[in-house]
Amino acid sequence: MTQKKTLETDHSPVESAFKLDRRFSIAPMMEWTTSDYRVFARCLTKNTLLYTEMVTTGALLQGKNPERFLKYDACEHPIALQLGGSDASALAKCAKMAEEFGYDEVNLNAGCPSDRVQNSLIGAILMAHPDKVIDAMKAMQDATSIPVTLKHRIGLDDQQDYSIVRDFVGAVADAGVETFIVHARNAILQGLSPKENREIPPLKYDFVYQLKKDFPDLEILINGGIKTIEETQTHLQHVDGVMMGREAYNNPWVLSQVDSAIYGNTPLVETRFEALERFLPYAEQQLANGERLMHLTRHLLGIFQGIPGGKQFRRYLSENGHQSDAKINVLLDAIELVKQQQDKAKDKSNEH
């Protein structure tokens with residue numbers, strides 16, 4: 001398999017005078033939006049804004065090796081660091097670290113419903129403490145010159161009134177925050193798992209649309225249950241940006257449409273094979289640095305979703321990629337399996 005263009009290696013952040021284009025972004029997802037996944041996303045889309053997994057202030061300020069939570073590949077720009085925390089001083093220090101590491105944006109998580117973080121006043125529970133959010137956002141803005149944004153839900157538990165999220169956004173906006181990423185579901189703080197919280201509370205896209213009408217000068221992004229570029233384009237008629245979550249991970253090929261359909265640019269790649277070719281040099285470098293193949297290939301499993309060879313690709317990588325001595329040839333063999341399956345499918349169609 002010939003290796004085509006490698007990934008860019010410019011380590012400078014997006015120019016500060018350049019306004020981030022948030023029309024399309026990938027949601028921060030714990031254990032999923034790692035640097036390896038984000039590099040693969042960059043093999044499919046140049047323009048999409050990428051977010052890190054949530055990193056807590058404790059991990060950055062009390063851990064022995066904060067760099068491991070902050071490092072990323074230069075090709076990942078534009079990239080935002082999402083923070084979890086509630087202490088204004090700690091968040092300010094971490095926002096400054098984000099700027100020093102070259103991130104293009106720093107985001108505060110006020111949407112995660114996990115009971116593991118609630119006790120530390122991290123995530124969605126913060127919506128019950130708007131004063132803490134305001135103090136935190138002010139402190140972060142004072143500490144850095146990069147944009148400071150907020151991701152949150154439309155309400156907590158059984159709160160059903162639109163006025164809840166309207167008043168919350170209005171209060172935080174008065175603190176100088178201009179960009180709000182709104183997951184269009186309530187967060188149920190007790191009784192539902194994080195997974196259930198992404199599926200059970202009903203989506204209320206109209207609440208987010210109304211926010212844009214009520215606050216036309218704010219940048220309002222919508223998140224939650226969005227799976228296609230067509231849905232994205234519909235939402236963009238009402239709000240400023242769309243954040244896609246699980247679908248961008250489980251079916252990464254959807255990202256190949258973003259640059260052309262959303263940004264009006266030339267597609268980065270024409271085929272799934274070309275995207276994987278772009279990823280190979282990075283994968284080989286990471287293997288040379290001691291990373292295990294399975295840590296890389298787990299992010300690729302959905303690239304052939306729904307087409308001939310997709311199941312064989314996933315099975316081969318799952319069965320062979322986990323071995324401690326697995327090398328790049330395992331990935332190459334898996335790709336070759338897909339090509340064989342697609343050739344068979346073509347032969348069958350030609351017979352008819």
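1. Leu150 stands opposite Phe180 of strand S6. From S5 the chain passes through helix H7 (residues 162-173) into S6, a β-α-β crossover that is right-handed. The coordinates are those of a predicted model.

2. S5 and S6 (residues 179-187) run parallel and are joined by 6 bridges. S5 also pairs with strand S4 (residues 105-110), again in the parallel sense, over 5 bridges.

3. Is S5 enclosed or open to the outside? Of the 9 residues of this strand (residues 148-156), 9 are buried, so S5 is largely enclosed by the rest of the structure. As a general point, side chains in a regular strand alternate between the two faces of the sheet.

4. Asn109 belongs to strand S4. Its relative accessibility is 7%, and Asn109 therefore counts as buried, the cut-off being under 20%.

5. Which polar partners does the side chain of Asn109 have? The side chain of Gln82 makes a polar contact with that of Asn109 at 3.2 Å. The backbone nitrogen of Gly111 is reached by the Asn109 side chain at 2.8 Å.

6. Leaving aside residues up to four places away in sequence, Asn109 touches Met54, Gln82, Leu83, Gly123, Leu126 and Lys151.

Notes:
Residues numbered from 1 in each chain as written. Predicted model: local features only at pLDDT ≥ 70, side-chain atom pairs only at ≥ 80, totals over all residues. Heavy atoms only, no water. Buried < 20%, exposed > 50% of the residue type's maximum accessible area, 1.4 Å probe, protein only. Helix = DSSP H or I, 4+ residues; strand = E, 2+ residues; numbered from the N terminus. Pairing = 2+ DSSP bridges. Right-handed = clockwise from strand over helix to strand, strands pointing away. Polar contact = N/O pair within 3.5 Å; in protein donor to acceptor, adjacent residues only side chain to side chain. Contact = heavy atoms within 4.5 Å.
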